[in-house]
Amino acid sequence: KNFIREIISTLPRLMSVIVVTALGVFMYVGMAGIGYNLSLVADGYYKTQNVADFWIYGNNLTKIEEKKIRQIEGVSAVQSSVVLEAQPVRNKDVNLTLNAVFGEFIINKPYLVSGRLPKTPREFALFDDFAKKHNLSIGDTYEFKIKDMDYKISMVICGFIRSPEYIYNINGIDLMPDSYKIGFAYMKAES
């Protein structure tokens, strides 16, 4: 009798312990599942976009050096590109990173959101969030200036993309991405 009375009198506390424990278990299982699934999605994205295992940076690298890299054991592909910083002609507060790729897009392939990847030297694919913030559409002509040069380029937007190289696209000052001020684009190196 006393035992049953004790259980009945502590029932609210017992139920609250059971509920809190169940919530903890549900949270743990949910977070573990989310982490696992995010890992699967990221791995699939990186594999589909053929993300590079290594990046080699340098100034004025030649085809001879590229050939030497290709000959290293374990290297299955090499893709050269030139990365330039540019600014739109009409807005000096905006920075656009231009990735001029030699040959086909085989490594670090941009993820195509809409449109297509560049085929000719006068077109480029632009970061989709950047394009939205600047009210740009596929087929629009975009004029920009290469930083530290007096050279203006006018190109046609052929597609909107995302890139495995720019997962978290920020400059060295801001903590949060600002797609109005910072963008990137891919084009053929012949451009």
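User: What lies 3.1 Å from the backbone nitrogen of D93?
Analyst: A polar atom of the N91 side chain lies 3.1 Å from that nitrogen. This is a predicted model, where local features need pLDDT of at least 70, side-chain atom pairs count only at pLDDT 80 or more, and totals for chains, interfaces and linings use all residues. Residues are numbered from 1 along each chain as its sequence is written, and side-chain values use heavy atoms, with hydrogens and water left out.

User: Is N91 buried or exposed?
Analyst: N91 counts as buried because its relative accessibility is 17%; buried means under 20% relative accessible area, exposed over 50%, and partly exposed in between (1.4 Å probe, protein chains only). N91 lies in the loop between β1 (81-88) and β2.

User: Changing topic, how many salt bridges are there?
Analyst: The count comes to 6 salt bridges, each being a side-chain nitrogen of Lys or Arg within 4 Å of a carboxyl oxygen of Asp or Glu.

User: Which residue forms one with D128?
Analyst: D128 forms a salt bridge with R162, with the closest N and O atoms 3.1 Å apart. The pair links distant parts of the chain, as D128 is in helix α4 and R162 in strand β6, 34 residues apart. Helices (H or I, at least four residues) and strands (E, at least two) are DSSP runs, numbered from the N terminus.

User: And is D128 buried or exposed?
Analyst: D128 counts as buried, at 6% relative accessibility, whereas R162 counts as partly exposed, at 33%.

User: What about E66 and R70?
Analyst: Their side chains meet in a salt bridge (2.7 Å, N to O).

Conventions:
A polar contact is a pair of N or O atoms within 3.5 Å; within protein, one must be able to donate a hydrogen and the other to accept it, and residues adjacent in sequence count only if both atoms are side-chain atoms.
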